[in-house]
Amino acid sequence: MTAWALAARGGDPDAVERFVRALHRDVVRYVAYLSADPQAADDLAQDTFLRALGSLHRFEGRCSARTWLLAIARRAVVDSLRYAAARPRLSDVPDWRLAVERAQPRGLPGFDEGVVLLDLLAALPAERREAFVLTQLMGLPYAEAAALTDCPVGTVRSRVARARATLMDLLSEADPLTTAPAPAPAPVPASVPAPAALAA
């Protein structure tokens, strides 16, 4: 991907297309988690690639192209949140999350699990959620995630560990079967003969 980015910087249109295709899914997932707005993910991804392609001439390959691009995506999300805070948008539905879920296709493998994961991730503090998404869902090495979020590697590891612990707690709270004690066997009434008596 980094080689494609460097070739794209040199004006190779085929490298531009390969670079965008290779990283498009990662960018969409990342901005969706950061913004907590699935409806805005495509627009934010498009904005990210427009910014990246416009500044390819400054990319020198000192870090991986993915880390460089996700840093641009992060800035695009921050700018979008600042803009939304300054100019709130009105919605014609009371709950946009519910509207998005209703618009999604049902019955696909993993759909319900994906909705549950989004809800669980939304319960995490933003810094822990970002560290978890980068390393556990997108597969970035801890060092790259640290460079992207501008914090020490140890901090990223700590945030991921705390995110995991919180998610495990939330899962155990949501699943009563994992926390409920096994029911005690029902007492045998005196009028029912014991198994040994039946065998005799």
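## Ground rules

Two residues are said to be in contact when they have heavy atoms within 4.5 Å. This is a predicted model, in which local features need pLDDT of at least 70 and side-chain atom pairs count only at pLDDT 80 or more, while totals for chains, interfaces and linings use all residues. Residues are numbered from 1 along each chain as its sequence is written, and side-chain values use heavy atoms, with hydrogens and water left out.

## The overall fold

Let's begin with the whole chain. The protein chain has eleven helices and zero strands; here helices (H or I, at least four residues) and strands (E, at least two) are DSSP runs, numbered from the N terminus. Along the sequence the pattern reads α-α-α-α-α-α-α-α-α-α-α. Among the contacts with a separation of 6 or more, 62% are between residues 24 or more positions apart.

The accessible surface of the chain is about 12,800 Å², and carbon and sulfur atoms hold 57% of that surface. Such areas come from the Shrake-Rupley method with a 1.4 Å probe, and for residues only the protein chains shown count as cover. Of the 200 residues, 30% count as buried. Buried means under 20% relative accessible area, exposed means over 50%, and partly exposed lies in between (1.4 Å probe, protein chains only).

## The nonpolar core

Which residues touch the most other members of the largest nonpolar core? They are V27, Y30, W68, L69, L70 and L134, in a core of 44 residues. Helices α1 (2-9), α2, α3, α4, α6 (111-122), α7, α8 (142-149) and α9 each supply at least two residues of this core. The largest share, nine residues, comes from α2. A nonpolar core is a set of buried Ala, Val, Leu, Ile, Met, Phe, Trp, Tyr and Cys residues joined through side-chain atoms within 4.5 Å.

Apart from neighbours within four places in sequence, Y30 is in contact with L70, A73, R74, E130, L134, M138 and L148.

## A serine in a loop

S55 sits in the loop between α3 (41-54) and α4 (65-86). Is S55 buried or exposed? With a relative accessible area of 10%, S55 is buried. Its contacts, leaving aside neighbours within four places in sequence, are W68 and I72.

## Salt bridges

The whole structure contains eight salt bridges, each being a side-chain nitrogen of Lys or Arg within 4 Å of a carboxyl oxygen of Asp or Glu. In one of them, R18 pairs with D14, and the closest N and O atoms are 3.1 Å apart. These two residues lie four residues apart in helix α2 (residues 13-35), so about one helical turn separates them. R18 is partly exposed at 42% relative accessibility, and D14 is partly exposed at 39%.

Another salt bridge joins E127 and R159, with the closest N and O atoms 3.2 Å apart. This pair links distant parts of the chain, 32 residues apart, with E127 in helix α7 (residues 126-137) and R159 in helix α9 (residues 153-174). E127 is partly exposed at 48%, whereas R159 is buried at 19%. Elsewhere, D47, R51 and D79 are linked in a network of salt bridges.

## Cysteines

The structure holds zero disulfides (pairs of cysteine sulfur atoms within 2.5 Å). C63 is partly exposed, with a relative accessible area of 35%, whereas C151 is buried at 15%.
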